[in-house]
Structure formats: structure tokens, C-alpha cells
Amino acid sequence: MNQSLLLQELQFKAVRSSGAGGQHVNKVSTKIELSFSVANSNALSDLEKERLFLKLGNRLTKAGTLLIQCDESRSQHKNKELAIKRFLTVLKAALKVSKKRKKTKPSRAAIEKRLKAKKKASQTKANRAKPSLD
């Protein structure tokens, strides 16, 4: 993943923020929509693209575009920075390869400890019962 090439492939669009806010919201386009075409990217290898389609399948459009919106700040520049940060974190998380789990067997001491605890619990419950009249 070449970060500088990725940032060159990003497309930004400024739109009006939704919600209440009065005159300022109605006349200024501060919300940023970041779009990145995973399918047409030159910065990603085929293996990375495949991984992104698997991991981010629900976040991608049918055309294979990742959309990220940011309207946290009243500043367009700040929203652009936040959108880029969010984009990079999403991409890094999706491209991270998780370690393969190794099957392990519980130790003999752990097994004995569990069985001892079960016996103790069983004994405690047996002691709660009413004594028989025999």
C-alpha cells in the first residue's frame, strides 16, 4: 500500500451539511464526501484489492467505490483532514492480516483445577438439600 499514491487517487466533494444550524449551514458547503475507487486503484496490488473487497464489502458501492463522509467540524479543511484520517484507518484495519490461531490443549493442572472447582460446587449444592430421615 503506497500511501502517497493513495492520497492522489482520492476524490473530494464539498456538500451542504444536514441538520439544524441556521443561516451558516444553509449557505456554506462544509461537509466533505471522500470517494476512493478500490477497483480502479493503481496504488493497491491485486491481493490488497481482493482483501478490501472481502473485508469492506458492505461499505463499498456496486461499482467498488468506498465513500466516507465527514461533517464534524464547521471548517471544510478540518473535515477534509478528518475524512483522510478516517479513510487511512479504515484501509489499514482492512488490510491487516490477523494471526492464525494455534490449537492448544489445556494443561493437566488446569484440567484438575476445573474438576476440583466442579466437585466443590457440587458438594456445596448437595449440602443445601434437606437431610433424609433414614
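Helices α3 (residues 46–55) and α4 in this predicted model have axes that come within 9 Å and cross at roughly 100 degrees. The two helices are therefore roughly perpendicular to each other, a label given to angles of 65 to 115 degrees. Axes are lines fitted to C-alpha atoms, for helices over the stretch in contact, with angles from 0 to 180 degrees between N-to-C directions. Helices (H or I, at least four residues) and strands (E, at least two) are DSSP runs, numbered from the N terminus. Contact (heavy atoms within 4.5 Å) between the pair is made by Glu48, Arg51, Leu52 and Lys55 of α3 and by Leu91, Ala94 and Leu95 of α4.

Apart from residues up to four places away in sequence, Leu52 touches Val38, Leu44, Gly57, Leu60, Leu91, Ala94 and Leu95. Leu52 is also among the residues with the most contacts inside the largest nonpolar core, together with Phe36, Leu56, Leu66 and Phe87. Such a core is a set of buried Ala, Val, Leu, Ile, Met, Phe, Trp, Tyr and Cys residues joined through side-chain atoms within 4.5 Å. This core has 21 residues, and its largest share, 7 residues, comes from α4.

Phe12 lies in strand β1 (residues 11–15). This residue is partly exposed, at 32% relative accessible area; buried means under 20%, exposed over 50% and partly exposed in between (1.4 Å probe, protein chains only). Beyond its neighbours within four places in sequence, Phe12 contacts Ile32, Glu33, Leu34, Lys80 and Ile84.

Residues are numbered from 1 along each chain as its sequence is written, and side-chain values use heavy atoms, with hydrogens and water left out. Local features need pLDDT of at least 70 and side-chain atom pairs count only at pLDDT 80 or more, while totals for chains, interfaces and linings use all residues.

Technical notes. Angles under 35 degrees count as roughly parallel, over 145 as roughly antiparallel, 65 to 115 as roughly perpendicular and the rest as oblique.
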